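Let's take a look around a protein with a ligand inside. Have the sequence and the 3D view ready, and follow along.

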Amino acid sequence: MSTEAETPRIRVADENDLPVLHAVAARALCFDSFTEELLGEKLFRCPRPDRETFRVYLAERNGTPVGMMQSVSRPDDAKGWLGVFAVDAAHRRQGIATVLLRRVADDWRRARIRDVEVLAIPGNYFTPGLDPRYTEALCFLEHHGFERFKDCVNLLADLSDPFDTAGEEARLGKLGIVVRRADRGDGDLLDAFFTDHFGVDWRLEAELAMANDPPGLHLALKGGNIIAFSAHSGQNREWGFFGPMGTAPDARGTGIGRVLLWHCLNDLRDAGHRTSVIPWVGPIGFYSRYIPCRVERVFWRYRTAVSDPSMPAT
Ligand SMILES: CC(C)(COP(=O)(O)OP(=O)(O)OC[C@H]1O[C@@H](n2cnc3c(N)ncnc32)[C@H](O)[C@@H]1OP(=O)(O)O)[C@@H](O)C(=O)NCCC(=O)NCCS
């Protein structure tokens, strides 16, 4: 453990620190490849500033950055997240991440956060859980009382060939279903759809996908109302990020989902991606049937209570 003299200086980082934050994170996160821009999105683009606070801490020793850690707090739900964290290899096992976690946990306590999860920050996540190949991180989390409660996977889709949607769209047309790209005038329809189905977090993800040009959001409508959607590039654009997608329960089984999926993947292919990451996947069978893809990564989801006795406190 660290001695008094070795105790790092911890300070709140801002966007001006992005180059050093990226350098620390990129050295430590050897199973991920990401630009400064992508990390900046994760650390500083708070999707709901009215409800959530993002904060990043930087650890320095003798003025040299040696570690970083992100906290997210959503007081309305008493929920928090531990975001990206990393310590330089030469400075590990000296308590630096623990000191960072203490600062983060103090934020959570001040915001009256009860439960925290690791990495799976709604609308802006680096990965949907911890890749267990980051074994030191797994040990660190378990040491501090975090419990693994679920697994999830990312798929990787092959975009070598375009997807032909014409035949399926003609068939859906005969059922009165129109498939089209979303546009700026769809706000009210989207509000109504996400209020009835899927909720606010996916409404937000749809909005983030709309920020692309052209909008990375495709819709299926019947009788003028949205019955299904699929989105891409709302975050992690450089990874060719697909999702989320969803079909209203009444409209399932009509073959809408595959057409919407193909439209999004065609967009990503047109944008120059050769593969697409389909993150935090539920129905693997659905994707495997309609596109060439495979499970690329497995993640372990971790959570804990801020009141857990292993959570460091000042
Ligand atoms: C995970 C990480 C941040 C830990 O940083 P650290 O400063 O070395 O952590 P600490 O010194 O505070 O460790 C606290 C405790 O965690 C546990 N721990 C940490 N690393 C461990 C390891 N390699 N093996 C076993 N236990 C470990 C130990 O119980 C340790 O206490 P101890 O040294 O008194 O036994 C660092 O290993 C790292 O940067 N890994 C790569 C980045 C990463 O995986 N990030 C997660 C995904 S974003």
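The ligand sits in the largest pocket. A pocket here is an open set of points on a 1 Å grid over the protein atoms alone, with protein on both sides within 12 Å along at least five of seven lines; "sits in" means that more than half of the molecule's atoms lie within 2 Å of the pocket's grid points. Before going on, know that this is a predicted model, where local features need pLDDT of at least 70, side-chain atom pairs count only at pLDDT 80 or more, and totals for chains, interfaces and linings use all residues. Residues are numbered from 1 along each chain as its sequence is written, and side-chain values use heavy atoms, with hydrogens and water left out.

H4 gives the largest share, 5 residues. In total, 21 residues surround the ligand, and Phe85, Val87, Arg93, Gly95 and Thr98 are the closest; to count, a residue needs a heavy atom within 4 Å of the ligand. Sorted by type, the shell has 14 nonpolar, 4 polar and 3 charged residues. Nonpolar covers Ala, Val, Leu, Ile, Met, Phe, Trp, Tyr, Cys and Pro, charged covers Asp, Glu, Lys and Arg, and the others, Gly among them, are polar.

Here are some polar contacts (pairs of N or O atoms within 3.5 Å):

| Residue | Protein side | Distance to a ligand oxygen atom |
|---|---|---|
| Val87 | polar backbone atom | 2.7 Å |
| Arg92 | side-chain N or O atom | 3.4 Å |
| Gly95 | backbone N or O atom | 2.8 Å |

Taken alone the ligand exposes 930 Å², and the protein buries 86% of that. These areas come from the Shrake-Rupley method with a 1.4 Å probe.

Most residues other than glycine have a negative phi, and most peptide bonds are trans. Now look at Phe198, in the loop between H6 and H7: this residue isn't a glycine, yet its phi is positive, about 75°. There are cis peptide bonds to spot as well. One joins Asp213 and Pro214, with omega about 0°, and Pro214 is found in the loop between helix H7 (199-210) and strand S8 (217-222). Another runs from Gly243 to Pro244, with omega near 0°; Pro244 lies in strand S10 (residues 242-247).

Technical notes
Polar contact = N/O pair within 3.5 Å; in protein donor to acceptor, adjacent residues only side chain to side chain. 1 Å grid on protein atoms, 1.4 Å probe; cavity = no way out; pocket = protein on both sides within 12 Å on 5 of 7 lines; lining within 4 Å. Helix = DSSP H or I, 4+ residues; strand = E, 2+ residues; numbered from the N terminus.
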